[in-house]
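Subject: Structure for your review

Dear colleague,

Please find below the structure that I am handing over to you. My notes on what was found in it follow.

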Amino acid sequence: MTPKRPIGAGAFPKAVESPAPTPPDPDALYAALDLGTNSCRMLIAQPKGSGFHVVDSFSKSVQLGSGLERTGRLSRASMARTIQALRICQQKIKRNKVRRMRLVATEACRRAKNAREFIRQVKRETGLSLEIIMPEEEARLAVISCAPLVSTKTEQLLVVDIGGGSTELVWIDLSSVPRRDRPAAIMRLHAGFHPPESPFPAAKVVDWISVPLGVATLRDQFADVEDDAARFALMSWYFEENLAEFTPYHAMQSREHFQIVGTSGTVTTVAASHLGLKRYDRTKVDGLRMTSDQIDKVIRNYLELGPTGRRCDPRIGEDRQALIMSGAAILQALLRCWPTDRLSVADRGLREGLLYAQMSADGVLEDGPF
């Protein structure tokens, strides 16, 4: 006998509708765009506590500085690629109705003879107003983006931002700042490396430098060297030579209270390789601390892989295989100059610094631990 079919069997379950997310208030949104020598990246975010919540983002390798080392000019092809990416950014800004924003360009536009012409073309074709910032501001923005990663035990801090066209290094003395106030003291540098007198404990900027060598420009300097290992060694020593004028506390820092924070695609890629990630995961990389031995091991593996092996590595890929070696050469030079037991990895940089600076200036961030 055929069993009776239960009432309701096979019927579609009643749909459970989750409430649509409330769109963010445009008045609470901020945009930050970083147009570098290699990449165009943007974040749209709203303040949340002592930080911010990302609403939308964009990142693309545009290679704006391609050929700049040879000609001193931005090429038509690189400008066209970049403007195409900037159109997408403009659409995201318009869609989110963002009114507060800073859109900046760095080393490639600082160096190119036709940069002003390019900035005007961007305005004409996308409506976006790009601002070329100076190296000191670029360094300062990189520093404040890393404030949440600074240990309260740190007394001497070196922040390193390895870009496509330049590398910024900033040495900060926090020894006179109470431990719990150290991240906040760094955040207050958004007003300048030498801010006016304040009742708050101040982070002292001992020295800073902007070296006009980044992953793209350093690679281009030694593009004619065919041997992979020889090219890597030459790039590393050449970068170290360019650090000759930057030697604060060169032989004095205590490892126990000294921290290096590295922010760049190079540092995050090395971290992802160390962790053996098949897919990049920012939550595992940002804030990771690596020993110098672990970094050396990853770099040795890159050299053993060679160009072909690096192209096939999912953490590096076709576009970045040459750039990762110039970045690794910079990283190795830094660890030779300032031996340390730990390097803190920061998956953050200019965009985050731009957001923190805008929000701090407007007083919309809460005080507290970052």
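Is R348 buried or exposed? The model is a predicted one, and in it R348 has a relative accessibility of 14%, so this residue counts as buried. R348 is found in the loop that joins β11 to α13 (350-362). Leaving aside residues up to four places away in sequence, R348 touches S145, C146, P148, L149, T263, R282, D286 and Y356. Several of these elements return below.

The six-strand sheet

Six strands make up an open sheet with mixed pairing, in the order β8-β7-β6-β9-β11-β10. At its edges stand β8 (204-211) and β10 (289-290); each has a single partner strand, so one side of each is left without a neighbour in the sheet.

The pairings that I would draw to your attention are these:

- β7 (residues 167-173) and β8 run antiparallel and are joined by seven bridges. Within this pair, E168 has S210 of β8 as its bridge partner.
- β9 (residues 258-263) pairs with β11 in the parallel sense, over four bridges. T263 stands opposite A346 in β11, and T263 is also among the residues that R348 touches.
- β10 pairs with β11 in the antiparallel sense, over two bridges. Here R289 is the residue opposite S344 of β11.

Strand β11 (residues 343-346) is covered on both faces. L343 and V345 on one side are buried, as are S344 and A346 on the other.

Helix α5 (residues 135-145) lies across β6 (156-162), β7 and β8, and runs at about 60° to β7. How many of the 11 residues of α5 are buried? Nine of them are, so α5 is largely enclosed by the rest of the structure. The buried residues are E137, E138, A139, R140, L141, A142, V143, I144 and S145.

The five-strand sheet

There is also an open sheet of five strands, again with mixed pairing, whose order is β3-β2-β1-β4-β5. Its edges are β3 (51-61) and β5 (131-132), each with a single partner strand, so one side of each is left without a neighbour in the sheet. Strand β4 (residues 100-105) pairs with β5 in the parallel sense over two bridges, and V104 has E131 of β5 as its bridge partner. Helix α13 packs on this sheet, where it touches β1 (30-35), β2 (39-48), β3 and β4. The direction of α13 makes about 145° with that of β1.

How do the helices pack against one another? Two pairs may be described.

Helix α2 (residues 76-95) packs with helix α4 (residues 115-126) at an angle of about 45°, their axes being 10 Å apart. The two helices are therefore oblique to each other, and their crossing is right-handed. On the α2 side the contact is made by M79, T82, I83, L86, R87 and Q90, and on the α4 side by F118, Q121, V122, E125 and T126. By class, this contact has five nonpolar, four polar and two charged residues.

Helix α8 (residues 228-241) and helix α12 (residues 321-337) pack at an angle of about 50°, with axes 8 Å apart, and this makes α8 oblique to α12. The crossing is right-handed in this pair. From α8, the residues F232, M235, S236, W237, F239 and E240 meet M325, S326, A328, A329, I330, Q332, A333, L334, R336 and C337 of α12. The residues of this contact divide into 11 nonpolar, three polar and two charged.

A loop glycine

G276 has its place in the loop between α9 (265-275) and α10 (282-285). Its relative accessibility is 36%, and G276 therefore counts as partly exposed. The C-alpha atom of G276 is separated by 8.7 Å from that of R315, a residue 39 places away along the chain.

With kind regards

Technical notes. Residues numbered from 1 in each chain as written. Predicted model: local features only at pLDDT ≥ 70, side-chain atom pairs only at ≥ 80, totals over all residues. Heavy atoms only, no water. Axes fitted to C-alpha atoms, helices over the stretch in contact; angles between N-to-C directions. Parallel < 35°, antiparallel > 145°, perpendicular 65-115°, else oblique. Left-handed = near helix turned anticlockwise from the far one by under 90°. Contact = heavy atoms within 4.5 Å. Nonpolar A, V, L, I, M, F, W, Y, C, P; charged D, E, K, R; others polar. Pairing = 2+ DSSP bridges. Buried < 20%, exposed > 50% of the residue type's maximum accessible area, 1.4 Å probe, protein only.
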